[in-house]
Amino acid sequence: MSLLVVGSMAFDAIETPFGKSDRIIGGAATYIAWSASNFTKPIKQISVVGYDFPQEELDALSARGVNLEGVQIKKDEKSFFWSGKYHMDMNTRDTLDTQLNVLANFVPTVPDSYQDCEFLMLGNLVPAVQMSVIEQLKNRPKLIVMDTMNFWMEIALDDLKNVLTHVDVLLVNDSEARELSHEYSLVKAAKKIMTMGPKYLIIKKGEHGALLFHGDNVFFAPALPLEDVFDPTGAGDTFAGGFIGHLVRTKDISFDNMKTAIIVGSAMASFCVEKFGTERLRGLTKDDIDGRIRQFQELVNFDIELV
Ligand code: AMP
């Protein structure tokens, strides 16, 4: 049972009220792979990078159990570049620059050795590329999870809506859920989005946790209250990696197990924000992760006797 991950691999430049990074390694698929590889291996990755993407980064991912056969290296183009600036609350950010570069004309090819994947994680990427991967798979995966972003809602909404009709779970943040549904209430937004294709919807609310919707059921996972949030970039992708990683590891896609998966996703995201870029994710041990999940248990566990 293995996991196919599609998404951007990138250079990011990040500004927060507390610091600034130069070009560092980022990208949705990069964060997803670092996170999910704690739970399942191999991860079969599809992405594209340019001549400027460091070989050491690819080697580090390979060493981690990430199969890069589906990652194209374009020798005469630059990697995707994104730059963002966080507001004081660290929950909201402005995109300062998006340079598609290699992503502009990316045509993914699913290697034969990836055809056995039963779980597909469509990380943030051009919706038409996400669709192309679904179309190339000979057997529909057992579960398709999709992440996306306001950027694609603004320039490729029809393509995005088309992908939505093929996925089981959609992950978006609160502002994206509102933009996609034209509803302010997140409950109304969820109902509307679940008529567009996905039967499960996860709405991420940064430091205010995440909501999982399915039919009339709702489940809430808090975010861990942290003293310092250094850089929230990639938290959503890291969450996605933990969420799908847990589902692949347990081979259980029930709503009840998705509740646990969003706690695992939240635990992984809480590590991501503690340092710039992917730095914090690289050295994590099973004990670190188990300890963090235990903190979540303590955070929300209470007994109440109704009289
Ligand atoms: P997150 O903070 O989880 O929303 O993800 C941030 C990551 O998404 C960064 O590492 C960026 O490189 C990547 N990213 C930003 N914009 C896009 C986009 N339009 N398409 C694909 N990936 C993107």
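Which residue lies over the face of Phe271, and at what distance from the ring centre?

Reply: Arg292 lies over the face of Phe271, 4.2 Å from the ring centre. A charge counts as over a ring if NZ of Lys or CZ of Arg is within 6 Å of the ring centre and within 35 degrees of the ring normal. First, the ground rules. This is a predicted model, so local features need pLDDT of at least 70 and side-chain atom pairs count only at pLDDT 80 or more, while totals for chains, interfaces and linings use all residues. Residues are numbered from 1 along each chain as its sequence is written, and side-chain values use heavy atoms, with hydrogens and water left out.

Another ring with a charge over its face is Phe11: Arg23 lies there, 4.0 Å from the ring centre. Phe11 also has an aromatic partner. Rings of Phe, Tyr and Trp (its six-membered ring) pair if their centres lie within 6.5 Å; planes under 30 degrees apart are stacked, over 60 edge-to-face, and the rest tilted. That rule gives three aromatic pairs. One of them joins Phe11 and Phe53, with centres 5.8 Å apart and planes at 50 degrees, a tilted pair. The two residues are 42 apart in the chain. Phe11 belongs to strand 2 (residues 10-16), and Phe53 to the loop between strand 5 (43-50) and helix 2 (55-63). Helices (H or I, at least four residues) and strands (E, at least two) are DSSP runs, numbered from the N terminus.

Buried means under 20% relative accessible area, exposed over 50%, and partly exposed in between (1.4 Å probe, protein chains only).

Next, Phe151 and Trp152. Their ring centres are 4.7 Å apart and their planes stand at 90 degrees, so this pair is edge-to-face. Phe151 is partly exposed, at 24% relative accessibility. Trp152 is buried, at 5%.

Helix 4 (150-155) brings in one more element, helix 3 (residues 127-136). Seven of the ten residues of helix 3 are buried. Among them are Val129, Met131 and Ile134. Their cover includes helix 4, along with strand 1 (3-6), strand 5, strand 9 (119-122), strand 10 (143-147) and helix 5 (157-164). Contact here means heavy atoms within 4.5 Å.
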